[in-house]
Amino acid sequence: MQIGIVGLGRMGGNIARRLMKAGHHCIVYDANPDAGAVVAKDGARAVKSLDEMVAALERPATVWCMLPAGDVTQSTVDVLGRLMQRGDTIIDGGNAFYRDDIRRAKALAGKGVDYIDCGTSGGVWGLERGYCMMIGGPRAAVERLDPIFKALAPGLGDIPRTQGRENGDPRAEQGYIHAGPTGAGHFVKMVHNGIEYGLMQAYAEGFDILRGKGSDALPQDQRLDLNLPDIAEVWRRGSVISSWLLDLTASAFAHDPQLAHVSGYVEDSGEGRWTVEAAIEEAVPAEVLTCALYTRFRSRQEHTLAERLLSAMRFGFGGHKEGHPAAAKAED
């Protein structure tokens with residue numbers, strides 16, 4: 001299939017590359033022409049404007065936006081909405097607020113342009129590992145674009161199949177789902193990111209407790225000098241708390257056992273706040289997720305080992321630049 005990709009940053013460029021590896025044709029655009037030129041070297045056609053992109057696409061046209069949530073996404077969707085025709089589709093694969101998706105879909109519906117919100121997880125590793133996708137939007141449009149989603153998804157891989165799912169939607173085992181109508185994809189991804197905050201916080205606090213066992217404040221015979229890199233490594237192998245986040249933790253410790261070169265300043269990109277807001281609206285207790293969000297706020301004032309580890313994990317899966325010495329290498 002043919003698809004336009006707008007936004008060629010940490011994830012957008014690799015989304016185009018993964019699609020091209022699967023035989024799809026990508027027309028790409030970024031406000032920074034250098035970013036388009038880099039992806040063009042891998043086989044994409046780089047254009048200089050959204051007008052040129054839409055004019056070059058076969059009908060029905062599809063454009064995937066991979067941009068930061070907020071004004072830049074809104075302005076891009078507004079322009080595309082004016083350029084695209086009935087039957088065309090806009091996909092927002094960024095971390096937009098689900099209510100914005102619902103509003104945008106309603107605005108585009110009158111022109112007959114479909115809007116799909118696609119919560120996309122995979123970070124800077126998606127080119128190799130694939131992207132887990134949570135998709136919201138009209139069923140017919142989602143099904144038409146299934147070859148795109150299937151190419152981006154991780155596939156079955158070597159993960160054991162879940163017993164009892166024989167009659168379930170096979171797409172979930174491949175790493176993507178049609179979560180429901182417009183807004184459902186980004187709502188599910190929003191909660192996913194809220195959970196991510198809590199998991200990261202649990203690892204960070206646990207390793208801070210392990211390190212604290214060597215504190216001078218403890219009785220001499222109770223102090224332990226524990227090897228955090230070894231503990232992270234052994235927990236990766238057969239432990240019930242093994243995960244990709246723990247893999248990233250082990251890697252961070254292996255390269256810098258004291259995390260001395262990590263700032264500890266931990267940003268939040270919005271989804272954690274939106275998850276807590278949803279919990280309040282639904283009167284659902286969310287103590288862990290709320291505390292994890294507030295810890296990120298506090299990290300901007302004081303930096304413990306736990307916060308430096310949060311920063312290291314966040315850099316590991318997403319290339320987020322927060323004082324990490326290697327961060328510049330992850331920026332497109």
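Where does Asp268 lie? Select it to begin: Asp268 sits in the loop between helix H12 (244-255) and H13. The model on screen is predicted.

**Stop 1: Asp268 and its surroundings**

Asp268 has a relative accessible area of 8%, under the 20% cut-off, and is therefore buried. Show its side chain together with those of Arg273 and Arg300. A polar contact of 2.6 Å runs from the side chain of Asp268 to that of Arg273, and another of 2.6 Å joins Asp268 to the side chain of Arg300. The pair Asp268 and Arg273 also counts as a salt bridge, with the closest N and O atoms 2.6 Å apart. Arg273 is partly exposed, at 36% relative accessibility.

Now widen the selection. Beyond neighbours within four places in sequence, Asp268 is in contact with Tyr197, Arg273, Leu293, Arg296, Phe297, Arg300 and Arg314.

**Stop 2: helix H14**

Select residues 287-299, which form helix H14. This helix of 13 residues reaches 18 Å from its first C-alpha to its last, close to the 18 Å expected at 1.5 Å a residue. Colour its buried residues: Leu289, Thr290, Ala292, Leu293, Thr295, Arg296 and Ser299. Their packing partners are helix H10 (184-212), H13 and helix H15 (305-318).

**Stop 3: from H13 to H5**

Stay with helix H13 (residues 271-282) and pick Glu281. Which residue forms a salt bridge with Glu281? The partner is Arg99, and the closest N and O atoms are 2.8 Å apart. This pair links distant parts of the chain, Glu281 in H13 and Arg99 in helix H5, 182 residues apart. Glu281 is partly exposed at 49% relative accessibility, and Arg99 is partly exposed with a relative accessible area of 40%.

The side chain of Arg104 meets that of Asp92 in a salt bridge of 3.7 Å, N to O. Asp92 is buried at 1% relative accessibility, and Arg104 is buried with a relative accessible area of 4%.

These salt bridges belong to a set: a search of the whole structure finds 16.

**Stop 4: the sheet**

From Asp92, extend the view to the strands. In what order do the 8 strands form the open sheet? The order is E3-E2-E1-E4-E5-E6-E7-E8, and the pairing is mixed. Strand E3 (45-46) and E8 are the edge strands, each pairing on one side only.

E5 and E6 are paired in the parallel sense over 4 bridges, and Asp92 has Asp117 as its bridge partner in E6. Next, strand E6 (residues 114-121) is joined to E7 by 5 bridges, and these two strands run antiparallel. Select Thr120 and Met133 to see one of the pairs: Met133 is the bridge partner of Thr120 in E7. E7 is joined in turn to strand E8 (residues 176-180) by 4 bridges, and these strands run parallel. Here Met134 has Ile177 as its bridge partner in E8.

Is strand E7 largely enclosed or largely open? Of the 5 residues of E7 (residues 132-136), 4 are buried, so this strand is largely enclosed by the rest of the structure.

**Stop 5**

Centre on Cys26. Which residues is Cys26 in contact with, leaving aside its neighbours within four places in sequence? They are Ile3, Ile5, Ala16, Leu19, Met20, Ala44 and Arg45.

Terms used:
Residues are numbered from 1 along each chain as its sequence is written. This is a predicted model: local features need pLDDT of at least 70, side-chain atom pairs count only at pLDDT 80 or more; totals for chains, interfaces and linings use all residues. Side-chain values use heavy atoms; hydrogens and water are left out. Buried means under 20% relative accessible area, exposed over 50%, partly exposed in between (1.4 Å probe, protein chains only). Two strands pair if DSSP finds at least two bridges between them. Contact means heavy atoms within 4.5 Å. A salt bridge is a side-chain nitrogen of Lys or Arg within 4 Å of a carboxyl oxygen of Asp or Glu. A polar contact is a pair of N or O atoms within 3.5 Å; within protein, one must be able to donate a hydrogen and the other to accept it, and residues adjacent in sequence count only if both atoms are side-chain atoms. The expected span of a helix is 1.5 Å times one less than its number of residues.
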